[in-house]
Amino acid sequence: MKDAFYSTGKRLRTCEWTLIVFFLYIAAIAPAFQTRTGSRFVPIQIAVVAIASLLILAHAEERGLRRFVSYARDWVTLALVFAAYREMDWFTPRSFVPRLENYWIVWDRTLLHEWGLRQMIEATGALIPSLLELSYLLVYAVGPFTIAILYILRRRDRMGWVLFLYALGTLAAYGLFPYFPSSPPRVVFPGMDLPTIVTPLRRFNLFLVGGYGIHSSVFPSAHVSSAFSAGWALLIFLPDKSKLGWSVIGYAALVAIATVYGRYHYAVDALAGIGVSLAAASVVLVARRQFTATACGAGEHLRSQTLN
């Protein structure tokens, strides 16, 4: 199946259009939010730079160095998804009032204590906690891993669809952050419900999220939505490699558990992240079905003209 969403030249790929819509959306809603950061023109400036970068690359691929620029566009998509993540810190409110968190923590304590999730995880000592912390850490490599897999399997013709689903599932989570200002449970409820086993990987993760994470919202979990979106994309668009897709989905489930156990997120954040990924997968499936129907219709029309 030749992927028409993986277009070249001056045509923008669908994942690039997704990024453009996202950055324009953020620029449009930014004036409605009171934040602790600087100029309200920052989101507009980011949108201009992002859109200009995508247009320049599309034009450059048409003019020359087609193969090099085509590959570069794969990675620029990931770079702009990361830029979108960093931009979300702009929406950090001037002060937090833990309204939602007071409800969410009740469900977490039921899951962790009454249902015994923390006890089950720590029953083997540091083994499972270390695995969960490693899973949480490796989320940052999910995007590059997904691209690399398509290269290795020589399925780059599927790249447009795969990146479309990955970007949509990740950016949709980011796009909800401004409406749900919230802080992680380890911050709102310090010293409470924390893992009793502290591994070196946990210390490193806490260092990363404390020093380099964003602080505007934890709902929904973009860690979870991005990991599941990558899994759905590989499962749907590499059907002959279903074990690979299911393996990534299994990994994403570990990420979801890790976010709750490690108190990086509330359980509702993880569930919402899964829901966002499923919604993104549904949108992409509908788009694919529509594209297939259109392509078949165009093929039949061309065939009839040829026969006549």
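Helices, as the term is used here, are DSSP runs of at least four residues, numbered from the N terminus. In this predicted model, the secondary structure of the protein comes to 13 helices and zero strands. Of the 308 residues of the protein, 50% count as buried. Among contacts with a separation of 6 or more, 85% are made by residues 24 or more positions apart.

The largest share, five residues, comes from α3. By residue type, the lining of the largest pocket divides into 23 nonpolar, eleven polar and one charged.

In soluble globular proteins, nonpolar side chains tend to be buried together. Here the largest nonpolar core holds 47 residues, of which Leu165, Phe228, Trp232, Phe237 and Val284 touch the most other members. The elements that give two or more residues to this core are α5 (117–121), α6, α7, α8, α11, α12 and α13. Helix α11 gives the most, with ten residues. Trp232 shows how such a residue is surrounded: leaving aside neighbours within four places in sequence, Trp232 is in contact with Leu165, Ile249, Ser277, Leu278 and Ala281. A second, separate core of 30 residues includes Phe22, Ala50, Ala58 and Ala84.

Helix α1 can be followed next. Spanning residues 14–29, α1 has 16 residues and reaches 23 Å from its first C-alpha to its last, close to the 22 Å expected at 1.5 Å a residue. The buried residues of α1 are Thr14, Cys15, Glu16, Thr18, Leu19, Ile20, Phe22, Phe23, Ile26, Ala27 and Ile29. These buried residues pack against α2 (42–63), α3 and α8. An α-helix has 3.6 residues a turn, so residues three or four places apart point the same way. Phe22, Phe23, Ile26 and Ala27 are among the buried residues of α1.

Apart from neighbours within four places in sequence, Ser135 is in contact with Tyr251, Leu254 and Val255. Ile128 is also found in helix α6, which covers residues 127–138. Ile128, however, is partly exposed, with a relative accessible area of 29%. When residues up to four places away in sequence are not counted, Ile128 touches Met120 and Ile121. Ile128 and Ala258 are 130 residues apart in sequence, and their C-alpha atoms are 9.8 Å apart in space.

The backbone between helices also deserves attention. Most residues other than glycine have a negative phi, and most peptide bonds are trans. A cis peptide bond joins Phe219 and Pro220, with omega about -10°. Pro220 is found in the loop between α10 and α11.

Asp193 is found in the loop between α9 and α10, and Asp193 is buried, with a relative accessible area of 13%. Arg263 likewise has a positive phi, of about 65°, although it is not a glycine. Its place is in the loop between α12 (242–261) and α13 (267–307). Arg263 is buried because its relative accessible area is 0%.

Technical notes:
Residues numbered from 1 in each chain as written. Predicted model: local features only at pLDDT ≥ 70, side-chain atom pairs only at ≥ 80, totals over all residues. Heavy atoms only, no water. Buried < 20%, exposed > 50% of the residue type's maximum accessible area, 1.4 Å probe, protein only. Contact = heavy atoms within 4.5 Å. Nonpolar A, V, L, I, M, F, W, Y, C, P; charged D, E, K, R; others polar. Expected span 1.5 Å × (residues − 1). Core = buried A, V, L, I, M, F, W, Y, C linked by side-chain atoms within 4.5 Å.
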